[in-house]
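Student: I have not seen this structure before, and I would like to go through it slowly with you. Could we look at it together, one question at a time?

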Amino acid sequence: MTILENIILIISLMLLGILLRKFAVFPNNTAQVLNLFVIYISLPALVLITIPKLEFTTNIIFTALIPWLALLVSVILLLISAKVFKWSNNTLGALLLIVPLGNTSFLGVPMVNTFFSDSAVAYALIYDQLGSFLALAVYGSLVLAFFSKQKTKSGNLPTGKAILLNIITFPPFISLVIALSLHFVVLPELYYEVLSPIAMTLVPVVMIAVGFQLSIKLDPADLSAFIMGLSIKMLIVPLLFLAAFFMLGLNGPLYKVVVFESAMPPMISAGALAIMANLSPKLTAAMLAYGILISFVTLPVLFVILNLFL
């Protein structure tokens, strides 16, 4: 699909979710059910068909390292912001899930293909599959385990064993382990023919769920989180990387693409996790929706800046 087709599809699906809620076609818990479908079916299928196809290149380590570094920087900035703005644990948990993880696949890959070249897409795929997907499975599981079950029945924080159990029983993480074990196995076409249609349900289902919960009006208490979250994700972190590469004299397609990918709006799947865990669902849905819309402006501007400095 072209970038225009992706944009039209995303907007159409969000509008469909809004209409379904407005006319009460589906029950009130529809979004939660759709998110569970994604976590247990769509996302695992996507992991199982993408990870085994990874092809290692000489630049793979650097390209895969950047999203993890971006994650670390984002977390530090969020923790500092949480202290300054006194965010609730629910708000912080939501932001820790959706800000460090970007929409580097569905939106990122076609964006890179549109603004750069076909050969540059390889960098985007590495960034997405070894960075974003792995981070979602490992880091996302950890954040979800901690914030969705912050206190046990005894009133204490969950133990390391309990968090680890949540991680290793998380469906996308299980799929990741299986997918990595299949990396050197020649898989039959039937494998992909069966799983691909299931994986393709991820974006339609999640975007309808986002539209179903989309709130145009933000709670004033969420305004600082909304502005800081999107600023860190789509402006501050990418510009930090751009400045670092410029000062180190690093330039070329690889460096442009990793900065470009780091500027993608929050990941839809990470948002689904936050909403499923009831971590500020209205804030999360708003950041997913508006993040995508804002990216249609910020990414072209960033592309121009990248060509000037890198």
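Student: Is helix α13 (residues 268-276) mostly covered or mostly uncovered, and how many of its residues are buried?

Tutor: Before answering, please keep in mind that this is a predicted model. The buried residues of α13 are Ile268, Ser269, Ala270, Gly271, Ala272, Leu273, Ala274 and Ile275, and just after this helix Asn278 takes a positive phi of about 60°. Helix α13 is thus described as mostly covered, and the number of its nine residues that are buried is eight.

Student: How many helices and how many strands does the protein have?

Tutor: Read along the sequence, the pattern is α-α-α-α-α-α-α-α-α-α-α-α-α-α. Among contacts between residues at least 6 apart in sequence, 86% join residues at least 24 apart, and of the 310 residues of the protein 54% count as buried. As for the count you asked about, the protein has 14 helices and zero strands.

Student: Which residues touch the most other members of the largest nonpolar core?

Tutor: This core holds 109 residues, and helix α6 (residues 121-148) gives the most to it, with 14 residues. One of the residues you ask about, Val259, is in contact with Pro238, Phe241, Leu242, Phe245, Leu302, Leu306 and Leu310, if its neighbours within four places in sequence are left aside. The residues that touch the most other members are Met207, Val259 and Phe260.

Student: Why does Ser262 count as buried?

Tutor: Ser262 is found in helix α12 (residues 253-262), and, leaving aside its neighbours within four places in sequence, Ser262 is in contact with Tyr127, Lys233, Pro238 and Phe241. A residue counts as buried when its relative accessible area is under 20%. Ser262 is therefore buried, because its relative accessible area is 3%.

Student: How far apart in space are Val210 and Leu288, C-alpha to C-alpha?

Tutor: Val210 lies in helix α10 (residues 202-213) and is buried, with a relative accessible area of 1%. Leaving aside neighbours within four places in sequence, Val210 is in contact with Met14, Ala285, Leu288 and Ala289. Although Val210 and Leu288 are 78 residues apart in sequence, their C-alpha to C-alpha separation in space is 7.5 Å.

Student: How are α3 and α4 oriented to each other, roughly antiparallel or roughly parallel?

Tutor: Helix α3 (residues 60-85) and helix α4 (residues 89-98) pack with their axes 10 Å apart, at an angle of about 165°. Their contact is made by Val75, Leu78, Leu79 and Ala82 of α3 together with Leu92, Leu95 and Leu96 of α4, and by class these residues are seven nonpolar, no polar and no charged. An angle over 145 degrees counts as roughly antiparallel, and α3 and α4 are therefore roughly antiparallel.

Student: Is the crossing of α2 and α9 left-handed or right-handed?

Tutor: The axes of helix α2 (residues 30-50) and helix α9 (residues 189-199) come within 8 Å and cross at roughly 140°, which makes α2 oblique to α9. Residues that meet here include Ile41, Ala45 and Leu48 in α2 and Tyr191, Leu195 and Ile198 in α9, and by class the contact has ten nonpolar, two polar and no charged residues. The crossing of α2 and α9 is left-handed.

Definitions and conventions
Residues numbered from 1 in each chain as written. Predicted model: local features only at pLDDT ≥ 70, side-chain atom pairs only at ≥ 80, totals over all residues. Heavy atoms only, no water. Axes fitted to C-alpha atoms, helices over the stretch in contact; angles between N-to-C directions. Helix = DSSP H or I, 4+ residues; strand = E, 2+ residues; numbered from the N terminus. Parallel < 35°, antiparallel > 145°, perpendicular 65-115°, else oblique. Left-handed = near helix turned anticlockwise from the far one by under 90°. Contact = heavy atoms within 4.5 Å. Nonpolar A, V, L, I, M, F, W, Y, C, P; charged D, E, K, R; others polar. Core = buried A, V, L, I, M, F, W, Y, C linked by side-chain atoms within 4.5 Å. Buried < 20%, exposed > 50% of the residue type's maximum accessible area, 1.4 Å probe, protein only.
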